[in-house]
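Student: I'd like to learn how to read a fold, starting with the whole chain and then zooming in. Could you walk me through one?

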Amino acid sequence: MPLNIGKIHHGDCLTLMSQIEDGSIDLAFADPPFNIGYRYDKYHDRQEDATYLDWCRQWIGELYRILKPTGTFWLAIGDEYAAELKVAATRQLDECFIMRSWVVWYYTFGVNCKRKFNRSHAHLFQFIKDEKQFTFNAEDPLVRVPSARALVYGDSRANPTGRLPDDTWVLRPQDAPASFQSMDDTWYYSRVAGTFKERQGFHGCQMPEQLLGRIIRVSSNAGDVVFDPFTGSGTTLAVAKKLGRRYLGTELSDDYVKYATRRLKAIRPGDPLDGPADPASSSPNTANGVTLEARNRRKAAGARQGLLPLPE
Ligand SMILES: C[S@@+](CC[C@H](N)C(=O)[O-])C[C@H]1O[C@@H](n2cnc3c(N)ncnc32)[C@H](O)[C@@H]1O
(Lines give C-alpha, C1' and ligand atoms only; values in the text may rest on other atoms or scores of the structure.)
Protein backbone atom coordinates (compact mmCIF):
# COMPACT_ATOMS: atom_id res chain seq x y z
CA MET A 1 0.00 0.00 0.00
CA PRO A 2 1.46 3.42 -0.89
CA LEU A 3 2.38 5.73 2.01
CA ASN A 4 -0.02 8.59 2.66
CA ILE A 5 1.16 12.13 2.08
CA GLY A 6 0.76 14.67 4.92
CA LYS A 7 1.89 12.23 7.60
CA ILE A 8 4.86 10.96 9.60
CA HIS A 9 4.99 7.18 9.27
CA HIS A 10 6.33 5.24 12.22
CA GLY A 11 8.94 2.57 11.49
CA ASP A 12 12.17 1.83 9.68
CA CYS A 13 12.76 4.14 6.73
CA LEU A 14 14.01 1.34 4.45
CA THR A 15 10.93 -0.81 5.02
CA LEU A 16 8.59 2.15 4.67
CA MET A 17 10.30 3.61 1.61
CA SER A 18 9.69 0.35 -0.22
CA GLN A 19 6.02 1.40 -0.19
CA ILE A 20 6.72 4.69 -1.96
CA GLU A 21 6.24 4.65 -5.70
CA ASP A 22 9.16 5.06 -8.10
CA GLY A 23 9.73 8.65 -9.21
CA SER A 24 7.11 10.24 -6.95
CA ILE A 25 9.11 12.61 -4.70
CA ASP A 26 10.30 16.09 -5.71
CA LEU A 27 12.68 16.80 -2.84
CA ALA A 28 14.19 14.54 -0.18
CA PHE A 29 16.11 15.91 2.79
CA ALA A 30 17.98 13.38 4.96
CA ASP A 31 19.69 14.17 8.26
CA PRO A 32 20.60 10.60 9.27
CA PRO A 33 22.27 9.48 12.49
CA PHE A 34 25.98 10.36 12.01
CA ASN A 35 27.27 7.12 13.65
CA ILE A 36 29.04 9.07 16.39
CA GLY A 37 27.40 7.54 19.44
CA TYR A 38 24.67 10.15 19.79
CA ARG A 39 21.89 9.17 22.16
CA TYR A 40 18.54 8.64 20.45
CA ASP A 41 15.68 6.95 22.23
CA LYS A 42 15.40 3.96 19.85
CA TYR A 43 18.32 3.99 17.41
CA HIS A 44 21.82 2.82 18.45
CA ASP A 45 24.20 5.33 16.87
CA ARG A 46 27.42 3.30 17.01
CA GLN A 47 27.65 0.69 14.26
CA GLU A 48 30.65 -0.95 12.64
CA ASP A 49 31.88 1.24 9.76
CA ALA A 50 31.01 -1.35 7.13
CA THR A 51 27.52 -1.93 8.59
CA TYR A 52 26.77 1.79 8.76
CA LEU A 53 28.02 2.48 5.23
CA ASP A 54 26.17 -0.47 3.78
CA TRP A 55 22.95 0.74 5.44
CA CYS A 56 23.53 4.27 4.08
CA ARG A 57 24.05 2.92 0.57
CA GLN A 58 20.73 1.09 0.87
CA TRP A 59 18.60 4.07 1.88
CA ILE A 60 20.40 6.42 -0.51
CA GLY A 61 19.65 3.92 -3.28
CA GLU A 62 16.00 3.87 -2.22
CA LEU A 63 15.93 7.67 -2.29
CA TYR A 64 17.24 7.55 -5.84
CA ARG A 65 14.42 5.21 -6.82
CA ILE A 66 11.60 7.28 -5.28
CA LEU A 67 12.85 10.67 -6.52
CA LYS A 68 11.42 12.10 -9.72
CA PRO A 69 13.93 12.37 -12.60
CA THR A 70 13.91 16.14 -11.93
CA GLY A 71 14.14 15.69 -8.14
CA THR A 72 16.78 16.79 -5.64
CA PHE A 73 18.22 15.00 -2.62
CA TRP A 74 19.89 17.05 0.13
CA LEU A 75 21.99 15.16 2.68
CA ALA A 76 23.24 16.56 6.01
CA ILE A 77 26.31 14.74 7.37
CA GLY A 78 29.22 15.26 9.77
CA ASP A 79 32.95 15.10 9.03
CA GLU A 80 33.19 11.41 9.97
CA TYR A 81 31.41 10.01 6.91
CA ALA A 82 31.08 13.00 4.57
CA ALA A 83 33.59 11.71 2.02
CA GLU A 84 32.30 8.13 2.13
CA LEU A 85 28.68 9.15 1.62
CA LYS A 86 29.58 11.51 -1.21
CA VAL A 87 31.32 8.60 -2.96
CA ALA A 88 28.46 6.22 -2.11
CA ALA A 89 25.84 8.52 -3.63
CA THR A 90 27.80 9.45 -6.74
CA ARG A 91 29.73 6.21 -7.51
CA GLN A 92 28.46 3.16 -5.67
CA LEU A 93 24.76 2.88 -6.53
CA ASP A 94 23.23 1.00 -9.45
CA GLU A 95 22.19 4.43 -10.68
CA CYS A 96 24.13 7.30 -9.22
CA PHE A 97 23.39 10.86 -8.18
CA ILE A 98 25.27 13.87 -9.49
CA MET A 99 26.64 16.18 -6.82
CA ARG A 100 25.70 19.79 -7.47
CA SER A 101 26.77 21.62 -4.28
CA TRP A 102 28.84 20.78 -1.23
CA VAL A 103 27.66 23.36 1.29
CA VAL A 104 29.32 23.90 4.64
CA TRP A 105 26.84 24.86 7.32
CA TYR A 106 28.70 27.00 9.82
CA TYR A 107 26.90 27.13 13.15
CA THR A 108 27.36 28.76 16.51
CA PHE A 109 26.46 27.17 19.89
CA GLY A 110 28.39 23.96 19.14
CA VAL A 111 29.94 21.79 21.86
CA ASN A 112 32.88 23.36 23.70
CA CYS A 113 36.02 21.19 23.51
CA LYS A 114 39.11 21.30 25.73
CA ARG A 115 41.97 19.95 23.60
CA LYS A 116 40.82 20.61 20.04
CA PHE A 117 39.06 23.37 18.11
CA ASN A 118 35.30 23.34 18.68
CA ARG A 119 33.40 21.83 15.82
CA SER A 120 31.18 24.47 14.25
CA HIS A 121 30.14 22.97 10.93
CA ALA A 122 28.32 20.15 9.18
CA HIS A 123 28.11 19.27 5.49
CA LEU A 124 25.07 19.68 3.26
CA PHE A 125 25.22 17.91 -0.10
CA GLN A 126 22.89 18.75 -2.95
CA PHE A 127 22.44 15.74 -5.25
CA ILE A 128 20.42 15.64 -8.45
CA LYS A 129 19.64 13.03 -11.10
CA ASP A 130 19.65 15.10 -14.26
CA GLU A 131 22.01 18.03 -14.82
CA LYS A 132 19.68 19.51 -17.41
CA GLN A 133 16.46 19.34 -15.41
CA PHE A 134 16.20 20.03 -11.71
CA THR A 135 14.65 22.72 -9.54
CA PHE A 136 16.98 25.52 -8.47
CA ASN A 137 15.03 28.68 -7.72
CA ALA A 138 17.98 31.05 -7.85
CA GLU A 139 15.67 33.99 -8.51
CA ASP A 140 13.58 33.52 -5.35
CA PRO A 141 14.11 36.78 -3.41
CA LEU A 142 14.02 34.87 -0.14
CA VAL A 143 16.89 32.67 -1.29
CA ARG A 144 19.00 35.61 -2.47
CA VAL A 145 20.74 38.43 -0.63
CA PRO A 146 22.40 41.47 -2.20
CA SER A 147 25.94 40.74 -3.32
CA ALA A 148 28.79 42.03 -1.13
CA ARG A 149 29.66 44.54 -3.86
CA ALA A 150 26.17 46.00 -3.65
CA LEU A 151 25.85 45.71 0.11
CA VAL A 152 29.25 46.96 1.19
CA TYR A 153 30.38 49.23 -1.66
CA GLY A 154 27.08 50.33 -3.24
CA ASP A 155 28.64 49.46 -6.61
CA SER A 156 26.14 49.57 -9.49
CA ARG A 157 28.18 46.90 -11.34
CA ALA A 158 27.45 44.46 -8.52
CA ASN A 159 26.78 40.94 -9.76
CA PRO A 160 23.27 40.08 -8.61
CA THR A 161 24.14 36.36 -8.46
CA GLY A 162 26.81 36.83 -5.79
CA ARG A 163 30.43 35.82 -5.80
CA LEU A 164 32.80 32.96 -4.99
CA PRO A 165 33.56 32.62 -1.27
CA ASP A 166 36.84 33.54 0.36
CA ASP A 167 38.85 30.91 2.15
CA THR A 168 39.25 33.21 5.14
CA TRP A 169 38.62 32.38 8.80
CA VAL A 170 36.03 34.65 10.38
CA LEU A 171 35.70 34.79 14.15
CA ARG A 172 32.19 36.22 14.28
CA PRO A 173 30.00 36.37 11.14
CA GLN A 174 28.36 39.54 12.46
CA ASP A 175 31.72 41.30 12.01
CA ALA A 176 32.04 40.28 8.38
CA PRO A 177 28.55 40.30 6.88
CA ALA A 178 30.00 40.11 3.37
CA SER A 179 31.48 36.70 4.12
CA PHE A 180 28.23 34.77 4.52
CA GLN A 181 26.10 35.44 1.45
CA SER A 182 23.34 32.99 0.65
CA MET A 183 24.69 32.25 -2.83
CA ASP A 184 27.98 31.12 -1.30
CA ASP A 185 28.46 27.55 -0.17
CA THR A 186 29.32 28.38 3.45
CA TRP A 187 26.06 29.03 5.29
CA TYR A 188 25.71 30.52 8.73
CA TYR A 189 22.81 29.55 10.98
CA SER A 190 23.01 28.95 14.70
CA ARG A 191 22.22 25.49 15.99
CA VAL A 192 18.93 25.36 17.87
CA ALA A 193 20.42 25.87 21.32
CA GLY A 194 18.79 25.02 24.65
CA THR A 195 17.38 28.46 25.36
CA PHE A 196 15.97 29.18 21.88
CA LYS A 197 12.25 29.83 21.52
CA GLU A 198 12.29 27.64 18.39
CA ARG A 199 13.41 24.57 20.37
CA GLN A 200 10.82 21.80 20.62
CA GLY A 201 12.60 20.20 23.59
CA PHE A 202 12.10 16.50 22.79
CA HIS A 203 14.92 15.97 20.26
CA GLY A 204 18.61 16.88 20.60
CA CYS A 205 19.31 17.21 16.85
CA GLN A 206 16.60 19.67 15.87
CA MET A 207 17.66 21.55 12.72
CA PRO A 208 16.96 25.28 12.39
CA GLU A 209 13.87 26.10 10.32
CA GLN A 210 15.66 28.85 8.40
CA LEU A 211 18.26 26.40 7.08
CA LEU A 212 15.53 24.08 5.81
CA GLY A 213 13.74 27.15 4.47
CA ARG A 214 16.63 27.90 2.11
CA ILE A 215 16.84 24.28 0.91
CA ILE A 216 13.11 23.86 0.37
CA ARG A 217 12.67 27.23 -1.34
CA VAL A 218 15.54 26.69 -3.74
CA SER A 219 14.93 23.02 -4.57
CA SER A 220 11.14 22.74 -4.72
CA ASN A 221 8.00 24.61 -5.71
CA ALA A 222 4.63 25.11 -4.02
CA GLY A 223 2.64 21.86 -4.13
CA ASP A 224 5.74 19.65 -4.59
CA VAL A 225 6.20 16.58 -2.39
CA VAL A 226 9.00 16.82 0.21
CA PHE A 227 10.16 13.62 1.94
CA ASP A 228 12.30 13.17 5.08
CA PRO A 229 13.32 9.57 5.95
CA PHE A 230 14.74 10.66 9.37
CA THR A 231 12.04 13.05 10.54
CA GLY A 232 13.26 13.47 14.16
CA SER A 233 11.62 16.58 15.59
CA GLY A 234 9.88 17.23 12.26
CA THR A 235 11.73 20.36 11.10
CA THR A 236 11.80 19.46 7.39
CA LEU A 237 8.10 18.69 7.31
CA ALA A 238 7.20 21.73 9.44
CA VAL A 239 8.99 24.04 7.02
CA ALA A 240 7.56 22.23 3.99
CA LYS A 241 4.05 22.76 5.39
CA LYS A 242 4.70 26.45 6.15
CA LEU A 243 5.96 26.94 2.58
CA GLY A 244 2.95 25.30 0.94
CA ARG A 245 4.63 22.02 -0.06
CA ARG A 246 3.11 18.57 0.46
CA TYR A 247 5.15 16.38 2.79
CA LEU A 248 5.70 12.94 4.25
CA GLY A 249 8.26 11.45 6.57
CA THR A 250 9.38 8.27 8.31
CA GLU A 251 10.79 7.96 11.83
CA LEU A 252 11.87 4.99 13.95
CA SER A 253 10.87 6.38 17.35
CA ASP A 254 7.20 6.30 18.26
CA ASP A 255 7.72 9.16 20.72
CA TYR A 256 9.37 11.41 18.13
CA VAL A 257 6.53 10.60 15.72
CA LYS A 258 3.98 11.59 18.36
CA TYR A 259 5.64 14.89 19.27
CA ALA A 260 6.58 15.85 15.71
CA THR A 261 3.00 15.13 14.59
CA ARG A 262 1.79 17.48 17.31
CA ARG A 263 4.25 20.11 16.02
CA LEU A 264 2.90 19.73 12.46
CA LYS A 265 -0.72 19.95 13.59
CA ALA A 266 -0.11 23.39 15.13
CA ILE A 267 1.21 24.75 11.82
CA ARG A 268 -0.76 26.43 9.02
CA PRO A 269 0.59 26.93 5.49
CA GLY A 270 1.95 30.48 5.28
CA ASP A 271 3.06 30.61 8.92
CA PRO A 272 6.44 32.40 9.28
CA LEU A 273 9.54 30.27 9.77
CA ASP A 274 11.02 30.25 13.27
CA GLY A 275 14.43 31.86 13.90
CA PRO A 276 16.08 34.91 12.34
CA ALA A 277 16.11 34.91 8.53
CA ASP A 278 19.49 36.65 8.56
CA PRO A 279 21.43 35.52 11.65
CA ALA A 280 24.53 37.51 10.66
CA SER A 281 22.69 40.79 11.18
CA SER A 282 20.26 39.73 13.90
CA SER A 283 22.80 40.26 16.67
CA PRO A 284 25.03 43.30 17.14
CA ASN A 285 28.52 43.31 15.67
CA THR A 286 31.49 43.75 17.94
CA ALA A 287 31.79 47.49 17.30
CA ASN A 288 28.16 48.04 18.33
CA GLY A 289 28.15 45.50 21.12
CA VAL A 290 28.48 46.03 24.83
CA THR A 291 31.79 45.38 26.60
CA LEU A 292 31.80 43.63 29.93
CA GLU A 293 33.24 46.78 31.49
CA ALA A 294 30.42 48.95 30.09
CA ARG A 295 27.85 46.39 31.20
CA ASN A 296 29.23 46.39 34.74
CA ARG A 297 29.35 50.22 34.81
CA ARG A 298 25.74 50.35 33.64
CA LYS A 299 24.69 47.71 36.17
CA ALA A 300 26.26 49.70 38.99
CA ALA A 301 24.69 52.97 37.80
CA GLY A 302 21.32 51.23 37.30
CA ALA A 303 21.43 49.78 40.78
CA ARG A 304 22.07 53.27 42.16
CA GLN A 305 19.12 54.72 40.18
CA GLY A 306 16.80 51.71 40.56
CA LEU A 307 16.96 50.89 36.76
CA LEU A 308 16.59 47.41 35.28
CA PRO A 309 19.89 45.72 34.26
CA LEU A 310 20.76 44.97 30.59
CA PRO A 311 19.59 41.56 29.44
CA GLU A 312 22.35 38.94 29.91
C1 LIG B 1 19.71 13.44 13.22
S2 LIG B 1 18.10 12.94 13.67
C3 LIG B 1 17.08 13.91 12.60
C4 LIG B 1 16.78 15.28 13.15
C5 LIG B 1 15.85 16.11 12.30
N6 LIG B 1 16.52 16.56 11.09
C7 LIG B 1 15.31 17.31 13.06
O8 LIG B 1 15.44 18.46 12.61
O9 LIG B 1 14.76 17.10 14.12
C10 LIG B 1 17.99 11.34 13.03
C11 LIG B 1 16.68 10.63 13.30
O12 LIG B 1 16.66 9.40 12.57
C13 LIG B 1 15.88 8.47 13.30
N14 LIG B 1 16.20 7.11 12.77
C15 LIG B 1 17.27 6.35 13.02
N16 LIG B 1 17.22 5.21 12.32
C17 LIG B 1 16.09 5.24 11.59
C18 LIG B 1 15.48 4.36 10.66
N19 LIG B 1 16.04 3.19 10.35
N20 LIG B 1 14.33 4.72 10.10
C21 LIG B 1 13.73 5.91 10.42
N22 LIG B 1 14.26 6.78 11.30
C23 LIG B 1 15.42 6.47 11.87
C24 LIG B 1 16.30 8.71 14.74
O25 LIG B 1 15.32 8.23 15.65
C26 LIG B 1 16.43 10.25 14.75
O27 LIG B 1 15.25 10.85 15.20
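**From chain to ligand**

Tutor: Among contacts in the protein chain between residues at least 6 apart in sequence, 67% join residues at least 24 apart. Keep in mind that this is a predicted model.

Student: How many helices and strands does the protein chain have?

Tutor: Nine helices and eight strands.

Student: And what share of the 312 residues is buried?

Tutor: Burial here comes from counting neighbours: a residue is buried if 20 or more other C-beta atoms lie within 10 Å of its own. In this protein chain, buried residues make up 33% of the 312.

Student: Now a helix pair. At what angle do H5 and H6 pack?

Tutor: For a pair like this, look at the angle and the distance between axes. H5 covers residues 209-219 and H6 covers residues 235-242; they pack at about 60°, with their axes 9 Å apart. Angles from 65 to 115 degrees would count as roughly perpendicular and those under 35 as roughly parallel, so H5 and H6 are oblique to each other. Their crossing is right-handed.

Student: Which residues make the contact?

Tutor: From H5, Glu 209, Leu 212, Gly 213 and Ile 216; from H6, Thr 235, Thr 236, Ala 238, Val 239 and Ala 240. By type, the residues of this contact of H5 with H6 are five nonpolar, three polar and one charged.

Student: Last stop, the ligand. Which residues are closest?

Tutor: Of the 22 residues that surround the ligand, the closest are Asp 31, Phe 230, Gly 232, Ser 233 and Thr 235. The shell divides into eleven nonpolar, seven polar and four charged residues. Thr 235 is also one of the H6 residues in the contact with H5.

Methods. Residues numbered from 1 in each chain as written. Predicted model: local features only at pLDDT ≥ 70, side-chain atom pairs only at ≥ 80, totals over all residues. Near = placed C-beta within 6 Å. Nonpolar A, V, L, I, M, F, W, Y, C, P; charged D, E, K, R; others polar. Axes fitted to C-alpha atoms, helices over the stretch in contact; angles between N-to-C directions. Helix = DSSP H or I, 4+ residues; strand = E, 2+ residues; numbered from the N terminus. Parallel < 35°, antiparallel > 145°, perpendicular 65-115°, else oblique. Left-handed = near helix turned anticlockwise from the far one by under 90°. Contact = placed C-beta atoms within 7 Å. Buried ≥ 20, exposed ≤ 12 C-beta atoms within 10 Å, placed from the backbone.
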